[in-house]
Amino acid sequence: MRISYNPLWKMLIDRGMNKKELRELSGISTASMAKLGKGDNLRICTALNCQISDILETLPDEETKNNED
């Protein structure tokens with residue numbers, strides 16, 4: 001199983017961002033960004049033969065959650 005980050009790269013294009021800007025905004029390391037570029041960052045999915053949505057969910061930050069109240 002190979003992980004494809006094509007949706008991420010398309011999102012960056014749509015938002016007019018580059019990988020460096022994403023790295024700075026998200027706080028991930030240069031090494032992690034390089035792994036994303038190779039589709040090499042989610043070995044867990046490969047090991048478990050599952051999709052990322054099977055092991056990941058997004059939750060609102062506490063700050064965002066408090067602003068909604």
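The backbone nitrogen of Lys20 lies 3.0 Å from a polar atom of the side chain of Asn18, a polar contact being a pair of N or O atoms within 3.5 Å, where within protein one must be able to donate a hydrogen and the other to accept it, and residues adjacent in sequence count only if both atoms are side-chain atoms. This is a predicted model, in which local features need pLDDT of at least 70 and side-chain atom pairs count only at pLDDT 80 or more, while totals for chains, interfaces and linings use all residues. Residues are numbered from 1 along each chain as its sequence is written, and side-chain values use heavy atoms, with hydrogens and water left out.

**Around helix H2**

- Asn18 sits in the loop between helix H1 (6-15) and helix H2 (19-26), helices being DSSP runs of H or I with at least four residues, numbered from the N terminus.
- At the start of H2, the atom of Asn18 that reaches to within 3.0 Å of the backbone nitrogen of Lys20 is a side-chain oxygen.
- Asn18 counts as partly exposed because its relative accessibility is 38%, which falls between buried (under 20% relative accessible area) and exposed (over 50%), using a 1.4 Å probe and protein chains only.
- Just after H2, Gly27 takes a positive phi of about 80°.

**Aromatic rings**

- The structure holds 1 aromatic pair, formed by Tyr5 and Trp9, which is tilted, with 6.5 Å centre to centre and 50° between the planes.
- Rings of Phe, Tyr and Trp (its six-membered ring) pair if their centres lie within 6.5 Å, and planes under 30 degrees apart count as stacked, over 60 as edge-to-face and the rest as tilted.
- Tyr5 counts as buried at 13% relative accessibility, and Trp9 is buried with a relative accessible area of 17%.

Definitions and conventions
Helix = DSSP H or I, 4+ residues; strand = E, 2+ residues; numbered from the N terminus.
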